[in-house]
Amino acid sequence: MRGLVFNAPKDVRVTDVPDPGVVNPTDAVVRVTKAGICGSDMHIYNHGDAFGFDAGCRLGHEFVGVVEAVGPEVRSVKPGDRIVAPFWLSCGECHFCKKGLTTSCVQGGCFGFQAFWGFGGHVEGGQSQFVRVPLADGTLVKVPDELADVDDKVLLPLVDVFTTAYHAAKGSGVKPGQTALVIGDGAVGLLACQAAALLGAGNIVLSGHHDDRLAVGARLGATHTVNSKANADRLGELLGDLTNSFGPDVVIDAISSADSMVHAANTVQPGGTVSWVGMEVFLGAPQLPWDTCFLRNLTIRGGVAPVRSYLPELWPLVISGKLDPSPVLTHDLPLERAAEGYEIMATRAEGSVKVCVSPN
Ligand SMILES: [Zn+2]
Ligand SMILES: [Zn+2]
């Protein structure tokens, strides 16, 4: 079959790779119909060697598709079922799975993310025609019958970017009518506006550096957008106007760099929450102003989204049409052009937010 592999920094390519098969009785094999290229794939693309990725490693942790084969112990899905695959494997039975923290599953691991195989799962990526899914019963989720006709582009963001954004919005504790600041106009930041709107936030202020992406954020639920690169003072003025100078009730930081986390902690109002889900913390831990956090009673919380646990509450929103995260998927390419998709993401080409590929 064909699959995308990491070769070296800035060098990914679609090539012939071995067909996956059922290895363990709890495995499934999925025929991939749509796979996403993620902002976190960009970290592999740029620094994969530093993160311990071997040449030839198959990438892709975001995919949806159809079950092709199952092992004899798989009960919840069967060949022909349309499924979504949360990016993190989970057994569904351990202490952490039972409390909903599926990304801490004792047997877990991340598809196509060699750096996160230490937990037990050793799983190749889904930017390929087929992928082996260990722990299929605890990992895969069958798409509800009501969504039989829905486009894969509506489902694909549920396996990571939308649900990561939703995790951030829930973690912020934003209440109806409150003011939220969302930092970052990548796919997660844009979808955090949508998630905050679903949770009833009043003012949703999106801060980013790209006018084309900010426009997508406005379409998804941001009530105000600020290009903080072109107009550095505007954000503070706007937040002051909207909140009696108190600052936003919550800040959702979809970047989570050293700079953005400090900005978030200094901007949120006393008693507020900074909720963070960005991967940049792996590139240098932010040095938070802890004295400020203490004096202003801030809550700082965040982490990797337990996607599998959120899906039951998201399906009704998709079925009713209240949730359609597909506008972030600006490019859909054949698998053979996946390397071009990485280039579009890496250069943040005009009009691009997120690229997906269609392997079958
Ligand atoms: Zn992702
Ligand atoms: Zn588990």
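This is a predicted model: local features need pLDDT of at least 70, side-chain atom pairs count only at pLDDT 80 or more; totals for chains, interfaces and linings use all residues.
Colleague: What makes the size of the protein chain agree with that of a compact globule?
Modeller: A compact globule with 360 residues would have a radius of gyration near 21 Å, and because the protein chain has 20 Å, the two agree. Along its principal axes, the C-alpha trace spans about 60 × 40 × 40 Å.

Colleague: What share of the residues in the protein chain is buried, and what makes a residue count as such?
Modeller: A residue is called buried if 20 or more other C-beta atoms lie within 10 Å of its own, and residues of this kind make up 51% of the 360 in the protein chain. As for contacts between residues at least 6 apart in sequence, 68% of them join residues at least 24 apart.

Colleague: Which parts of the protein chain form domain 1 and domain 2, and where do their centres lie relative to each other?
Modeller: The division, which comes from an automatic or database domain assignment, gives domain 1 as 2-159 + 306-358 and domain 2 as 161-302. Their centres, taken over C-alpha atoms, are separated by 27 Å, and the contact takes 19 residues from domain 1 and 18 residues from domain 2. On the side of domain 1 that touches domain 2, helix H1 (39-47) and helix H11 (307-319) each supply at least two residues, and by class that side has 11 nonpolar, 4 polar and 4 charged residues.

Colleague: Why are E13 and E16 called edge strands of the open sheet?
Modeller: The sheet has 6 strands in the order E13-E12-E11-E14-E15-E16, with parallel pairing, and strand E13 (224-227) and strand E16 (299-302) are its edge strands in that each pairs on one side only. From one strand to the next the twist averages 20°.

Colleague: How do you know that strand E15 pairs with E16?
Modeller: Pairing requires at least two bridges between two strands, and strand E15 (residues 273-276) is joined to E16 by 4 bridges, the two running parallel; Val-274, for example, has Ile-300 in E16 as its bridge partner. Helix H7 (residues 211-220) packs on this sheet, touching strand E12 (204-208) and E13, and its direction makes about 170° with that of E13.

Key: Residues are numbered from 1 along each chain as its sequence is written. Chains are lettered from A and ligands numbered from 1 in the order in which they are written. Two residues are in contact if their C-beta atoms, placed from the backbone, lie within 7 Å. Ala, Val, Leu, Ile, Met, Phe, Trp, Tyr, Cys and Pro count as nonpolar, Asp, Glu, Lys and Arg as charged, and the others, Gly among them, as polar. The radius of gyration is taken over C-alpha atoms; the globule rule is 2.2 Å times the number of residues to the power 0.38. A residue is buried if 20 or more other C-beta atoms lie within 10 Å of its own, exposed if 12 or fewer, and partly exposed in between; C-beta atoms are placed from the backbone. Axes are lines fitted to C-alpha atoms, for helices over the stretch in contact, and angles run from 0 to 180 degrees between N-to-C directions.
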